Amino acid sequence: MTDLVNVIKNAQSTHSLSESEIVEILKNDTVNELLFDTADKVRKQYVGDEVHLRGLIEFSNICRCNCFYCGLRKDNTAVQRYRMALEEILLLAQKAKDFGYKTVVLQSGEDSFFDVDKMCAIIREIKKLDLALTLSIGEKSYEEYKAYKDAGADRYLLRIETTDRELYKKLHPSMSFENRVRCLNDLKTLGFEVGTGCLVGLPHQSDESLARDILFFKNIDADMIGLGPFIPSPQTPLQNENGGTLIKVLKVMALTRLLLPDINIPATTAMETLQENGRLLALKSGANVVMPNVTDEECKQKYTIYPGKAGLNNTAQEYRNSIVKKIEAIGRTISNGYGFHKKTV
Ligand code: 5AD
Ligand code: SF4
């Protein structure tokens, strides 16, 4: 126990932990408060008190993949599928800009309707609005990623989901871990800011495997790490499994902040879904980014990755006002910069 206290205190300045140290911290809940406080200090020292807001646009819920955990998987026929037109996407991007958000995140299922030409047209139009642009649209070829970069996209989010290869294989029919890593490496090579991350609390996921996920984030030199608890989704093969806990996901996040002190870490919607103010707890335990949803009401209701998603009953305007108030109430400020990753280590 005293040992773990020292391990955490050392990591505050060395930003390194061994796999077995991470596992011990994950297994031992008596050091949680120290872990969260230390991650908060590291966050303050490296990325300051500013919180970056990124406007999220869920522009298509059509997906050719069948990830076992996800409500949008292809075989889920209960989902009403939608795809936005270019004009709708641009209206939402403009709305995000009017709210003062400096980044727009375009997220969708793996929808091949949006081929490289369509995507590049969307990217070019959004970049005319003088916003930073993040894509979260799945696994593509090097050439496609290059075309997006050339069209002006700045960042790309692609979670590794889990580094446990056996588990990865079980949960992702006709996908491969190797290709996912290839995608992340291609994105890095092309000069994107790369965000990845994992699900916490998947069935058969061990603390050892979570520790390896965290070390993977460091190895791949991620610019951003997004983490969320697994939340069982109806009409999926994992619907009757247990979900992840907020404590475990906050611990994984705080450990990530210790090891990657200057990156961007969002307080995610899935955290808020597990517990009201889960997102604020995350902001006080290492996170420095929030991604408010700007998707219109009708589409947002259909973007059912998991049930009970926080914020479904608020308009984008209401959501913006409430999150800004909450952020300021904990002594933090809203950034008016683009929030790029400033490497200091
Ligand atoms: N619970 C929590 N997060 C999920 N995701 C997909 N399904 C679920 C679920 N049931 C996450 C994945 C994916 C992101 C877009 O949503 O990590 O990368
Ligand atoms: Fe499709 Fe993404 Fe859901 Fe997998 S997690 S089924 S790729 S939307």
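1. Basis. This is a predicted model, in which local features need pLDDT of at least 70, side-chain atom pairs count only at pLDDT 80 or more, and totals for chains, interfaces and linings use all residues. Residues are numbered from 1 along each chain as its sequence is written, chains are lettered from A and ligands numbered from 1 in the order in which they are written, and side-chain values use heavy atoms, with hydrogens and water left out.

2. Helix 9 against helix 10. Start with helix 9 (residues 207–219) and helix 10 (residues 246–259): their axes come within 10 Å and cross at roughly 35°. Helices (H or I, at least four residues) and strands (E, at least two) are DSSP runs, numbered from the N terminus. Axes are lines fitted to C-alpha atoms, for helices over the stretch in contact, and angles run from 0 to 180 degrees between N-to-C directions. The crossing is right-handed (the near helix is turned clockwise from the far one by less than a right angle). Helix 9 brings Asp 207, Leu 210, Ile 214, Leu 215, Phe 217 and Lys 218 to the contact, and helix 10 brings Lys 248, Val 252, Leu 255, Thr 256 and Leu 259 (contact means heavy atoms within 4.5 Å). By class, these residues are seven nonpolar, one polar and three charged. Ala, Val, Leu, Ile, Met, Phe, Trp, Tyr, Cys and Pro count as nonpolar; Asp, Glu, Lys and Arg as charged; the others, Gly among them, as polar.

3. Helix 2 against helix 10. Helix 10 also packs with helix 2 (residues 19–27), at an angle of about 145° and with the axes 10 Å apart. This crossing is right-handed. Ile 22, Ile 25, Leu 26 and Lys 27 of helix 2 meet Lys 248, Lys 251, Val 252, Leu 255 and Leu 259 of helix 10. Six of the residues are nonpolar, none polar and three charged.

4. Largest pocket. The largest pocket holds about 200 Å³ of space. On a 1 Å grid over the protein atoms alone, a pocket is an open set of points with protein on both sides within 12 Å along at least five of seven lines, a cavity is a set where a 1.4 Å probe fits but cannot get out, and lining residues have an atom within 4 Å of a point. Grid points are joined across faces, edges and corners, and a volume is the space filled by probe spheres set on the points. Of 13 lining residues, Glu 272, Asn 314, Tyr 319, Ser 322 and Lys 326 are the closest to the centre. Helix 14 gives the largest share, five residues.

5. Second largest cavity. There are three cavities of 30 Å³ or more. Strand 5 (193–196) and strand 4 (155–157) each supply at least two lining residues, and strand 5 gives the most, with three.

6. Ligand 2. Around ligand 2 sit Cys 63, Cys 65, Cys 67, Tyr 69, Cys 70, Arg 73 and Gly 109 (a heavy atom within 4 Å). Five are nonpolar, one polar and one charged.
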